[in-house]
Amino acid sequence: MKIERCPACLKPGFETYCNPCLKKIFDGKKVNHQLEFTRPEFNFAKLERSDRLSISGIQIKHSLKLENNKLVLTEKDGEYILKPIPGGVFKNLDQVPYNEHLTMRIASQVYKIDTALNAIVYFADDEPAYIAKRFDRTKEGRKTLQEDFAQIAGRTEETNGQNYKYDFSYEEIAELMNKHIKPYRIEVEKYFRVIIFNYLFSNGDAHLKNFSLYRNEEYGDYLLTKFYDLLNTSIHVPGESDLALDLFKDNFETDAYKSGSKYTKPDFKVFSKRIGINKNRFAKIYDAMLDKTKQVKKIIDVSFLRDDLKEVYYESYKNKLERLRS
Ligand SMILES: [Zn+2]
């Protein structure tokens with residue numbers, strides 16, 4: 001696939017990954033953005049079952065590792081997660097890898113959210129896929145202790161039914177964070193920013209398994225892992241709810257929500273208070289999140305997303321921005 005910008009950071013003037021990206025994502029090895037194999041056969045048996053129609057439910061992940069300078073499929077010791085175009089009934093599915101890449105890039109490059117390292121790769125027949133570097137290994141290759149919030153909350157399909165990843169609230173995740181994380185004050189602000197980010201970029205599928213904790217080997221305490229699986233799901237699943245989980249536990253609703261059935265600033269203000277963020281910090285974080293339009297527009301424009309969808313993507317962001325301002 002001939003390209004004109006780095007398929008990781010999107011910097012123009014490169015025909016494959018730029019050197020800083022090679023260093024960060026591929027340990028400095030001269031990996032090419034074109035894989036030597038075509039997409040693995042779609043395996044329906046690997047699909048998740050859920051009551052809810054969701055992008056994550058149709059995305060099949062493969063494991064890759066580096067062999068010399070080449071990315072190869074592997075059953076064990078995967079260093080990368082490969083997500084090809086999903087199969088299914090949703091819209092614009094051929095654009096899912098570009099959407100995820102763009103959204104992850106906006107998160108890291110504009111909002112400085114600590115995300116999994118990621119890039120676009122192309123199969124031998126030029127079909128694109130999204131690739132993310134795993135972050136559950138130490139530099140020495142040991143597996144770090146890591147659990148997602150479905151595990152931390154003790155929720156499984158067997159005990160809580162097929163909707164176990166969604167029948168929960170972001171407030172309850174924060175409560176679990178408070179229980180397990182010593183520097184909670186710091187970590188909860190990161191968490192809060194990602195909740196606003198997901199709302200701004202219409203990521204309606206950020207369920208319990210999309211947040212994780214890991215054990216910091218140096219101090220022995222628990223911290224949030226990098227963030228992952230961020231994408232604008234509204235492009236593919238129209239009519240999906242704005243957020244995968246309710247903001248509040250026990251079906252609490254603010255008066256503003258009761259009158260408009262949409263989350264607006266008062267909801268996020270009350271939410272931040274309930275999860276222990278003080279008024280001044282809320283104002284600072286919130287205003288900064290809403291003040292990035294120029295940078296967002298710039299990355300959308302240079303992304304690999306199809307042109308008409310760039311507009312849809314930007315409009316959906318503007319739409320949410322308006323809501324958050326009201
Ligand atoms: Zn780059």
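This is a predicted model: local features need pLDDT of at least 70, side-chain atom pairs count only at pLDDT 80 or more; totals for chains, interfaces and linings use all residues.
Let us begin with helix 6 (residues 170-180) and helix 7 (residues 184-200), whose axes come within 10 Å and cross at roughly 160°. An axis here is a line fitted to C-alpha atoms, for helices over the stretch in contact, and angles run from 0 to 180 degrees between N-to-C directions. Helix 6 is therefore roughly antiparallel to helix 7; angles over 145 degrees count as roughly antiparallel, under 35 as roughly parallel, 65 to 115 as roughly perpendicular and the rest as oblique. The crossing of helix 6 and helix 7 is right-handed, a term used if the near helix is turned clockwise from the far one by less than a right angle, and left-handed if anticlockwise.

Which residues make the contact? Helix 6 contributes Tyr170, Ile173, Ala174, Met177 and Asn178, while helix 7 contributes Tyr184, Glu187, Val188, Tyr191 and Ile195. Contact means heavy atoms within 4.5 Å. By class, these residues of helix 6 and helix 7 are 8 nonpolar, 1 polar and 1 charged. Ala, Val, Leu, Ile, Met, Phe, Trp, Tyr, Cys and Pro count as nonpolar, Asp, Glu, Lys and Arg as charged, and the others, Gly among them, as polar.

Residues are numbered from 1 along each chain as its sequence is written, and side-chain values use heavy atoms, with hydrogens and water left out. Helices (H or I, at least four residues) and strands (E, at least two) are DSSP runs, numbered from the N terminus.

Helix 7 has a further partner: its axis and that of helix 10 (residues 279-289) come within 11 Å and cross at roughly 35°. This crossing of helix 7 and helix 10 is right-handed. On the side of helix 7 the contact includes Phe192, Ile196 and Leu200, and on the side of helix 10 it includes Phe282, Ile285 and Met289. The contact of helix 7 with helix 10 has 8 nonpolar, no polar and 3 charged residues.

Strand 1 (residues 62-67) is joined to strand 2 by 4 bridges, and Glu67 stands opposite Lys70 in strand 2. Strand 1 is also joined to strand 3 by 3 bridges, where Leu64 has Tyr80 as its bridge partner. Strand 3 and strand 5 pair over 5 bridges, and Lys83 stands opposite Tyr130 in strand 5.

Is strand 3 mostly covered or mostly uncovered? It is mostly covered, with 4 of its 5 residues buried; buried means under 20% relative accessible area, exposed over 50%, and partly exposed in between (1.4 Å probe, protein chains only).

Finally, consider the loop between strand 1 and strand 2, where Asn68 is found. Asn68 has a positive phi of about 55° although it is not a glycine, and it is exposed, with a relative accessible area of 66%.

How values were computed:
Two strands pair if DSSP finds at least two bridges between them.
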